[in-house]
Amino acid sequence: MKCTAVFLLLAAAFALPVVHGDTGGSAAGDFGPPQGEPIKAILTSPPLVPPPTHRNYPAKVIVDLEVREIEKDISEGVKYTFWTFGGTVPGSFIRVRQGDTVEFHLKNHPDDKMPHNIDLHAVTGPGGGAASSFTAPGHQSQFTFKALNAGLYVYHCATAPVGMHVANGMYGLILVEPPGGLPEVNREYYVMQGDFYTVGKYREKGTQPFDMQKAIDENPTYVLFNGSEGALLGDKALPAKVGDTVRLYVGNGGPNLTSNFHVIGEIFDKVYTEGGTHYQENVQTTMVPAGGSAIVEFHMEVPGTSIIVDHALFRAFNKGALGMIKTEGPENKAVYSGKEVDSAYLGDKAVSAAPVAAAASASASGALTLRQQVDAGRALFNGTCSVCHQSGGEGLANVFPPLAKSDFLAADLNRAIGIVLNGRSGAVTVNGQDFNSVMPPMSQLNDDEVAHILTFVLNSWGNPGGQISPEKVTEVRATTVRPKGAAR
């Protein structure tokens, strides 16, 4: 028997300390039969993580997990039917110890429409449990495996068409602790990225079905943390305190994209690359492959909001891959003297989304009022337009023309809609002053958002008032001349 295996067996028997990373691999991961009474696994919904096992012996761990097909918000006013493990995207977090024997029970809720199964990357054996767990609605299955390798592993559905099941949210993480456990930290959170494919455009309201061709073409509508836009924003931000060491268990369900995981304003002290047992230090951005994971740790030195992104930045700011860590505590001006929130990074997520949600609900019922549209437009303007045009619509002298009391804006509302959608460059005269700058196209905004923003502007800062409907924006979008090949 190898020396490493002997040491680990002694450690298991006598509770000797084991250095994290010295796990021996699967050949040395069998610490014998389970000891003691069976233990029912504590499962948690994201972003929460079960407590450490705090065991120095292998146990029989029973995992009960139910598949649910449920309609939930993927974005404000946008419904999507998710296929889930445990009712959440990602699925319930599972935590066991290396050497444990896991008895896995998979249930498929009677109201579900599809059969499902589970492939756990922590399983040593063909299919990762998939062949043993094919489960029809209203049925359950059971199989057993021994967790031989320490690490952080993805699990997912593997029922054909596999990509579709994963794209609908059927993935999660299972942590197999090394024999000595992981070093203690102050806070642990569960964050998992996924790419989603809807028939409608980004933030197009209503119930959106899955688009198989977009998925095949690897052209996601949304790229999200924890299954919805806003899952880790605002009052759902991850809390921390100055002085905390934070550990994130990061996964990527895919099914297609590789994540470029980054926390703006933090440097990862440790990254356990690809969920393995050895770490790299002082990392800015770490790649997490589809079907892969990473464990990242960092120390909170100053208060404020740290922003979680996929650093493929259009995914962050135009497809939804944004989250927050809000840290409270005393300032440390020697480390950082900057402001608390940078709205240029957060965009419209820097302000409350409640007015936008209220307008979407009212619009769906045919009862949208001018006040609701103005309130929604104010929130969207402050997150999308105010950096250049300023919060009071005054613009920037000799750079960006004013929107306040704008004779140019009010003269042609169709032109105003077209400029928002297509942008404009070159000379323009506003309120008797000449400007020569660039307005980038904002065609990523949906028709509701463009209508709300312009209605807010028309009813603010001395402008003449008026109301622009989403239908009018749809009409202008359809008829405006776009560069050849440009998306609408």
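Which does Phe93 count as, buried or exposed?

Mentor: Phe93 counts as buried, because its relative accessibility is 0% (buried means under 20% relative accessible area, exposed over 50%, partly exposed in between, with a 1.4 Å probe and protein chains only). Before we go further, please note that this is a predicted model, in which local features need pLDDT of at least 70 and side-chain atom pairs count only at pLDDT 80 or more, while totals for chains, interfaces and linings use all residues. Residues are numbered from 1 along each chain as its sequence is written, and side-chain values use heavy atoms, with hydrogens and water left out.

The structure holds 16 aromatic pairs (ring centres of Phe, Tyr or Trp, the last by its six-membered ring, within 6.5 Å; planes under 30 degrees apart are stacked, over 60 edge-to-face, the rest tilted). One of them joins Phe82 to Phe196, with 5.8 Å from centre to centre and 80° between the planes, an edge-to-face arrangement. This pair links distant parts of the chain, since Phe82 belongs to strand 3 (residues 78–85) and Phe196 to strand 10 (residues 187–196), 114 residues apart (strands are DSSP runs of E, at least two residues, numbered from the N terminus). Phe82 is buried, at a relative accessible area of 2%, and Phe196 is buried as well, at 0%.

The ring of Phe93 itself pairs with that of Tyr190: their centres are 4.9 Å apart and their planes stand at 80°, so this pair is edge-to-face. Phe93 sits in the loop between strand 3 and strand 4 (94–97), whereas Tyr190 is part of strand 10, so the pair ties together parts that are 97 residues apart in sequence. Tyr190, too, counts as buried, because its relative accessibility is 0%.

Strand 10 therefore supplies Tyr190 as the partner of Phe93, and strand 10 also holds Phe196, the residue linked with Phe82 of strand 3.

Finally, you may look at another group of rings: ring pairs link Phe225, Phe261, Phe268 and Phe298 into a cluster.

Terms used: Helices (H or I, at least four residues) and strands (E, at least two) are DSSP runs, numbered from the N terminus.
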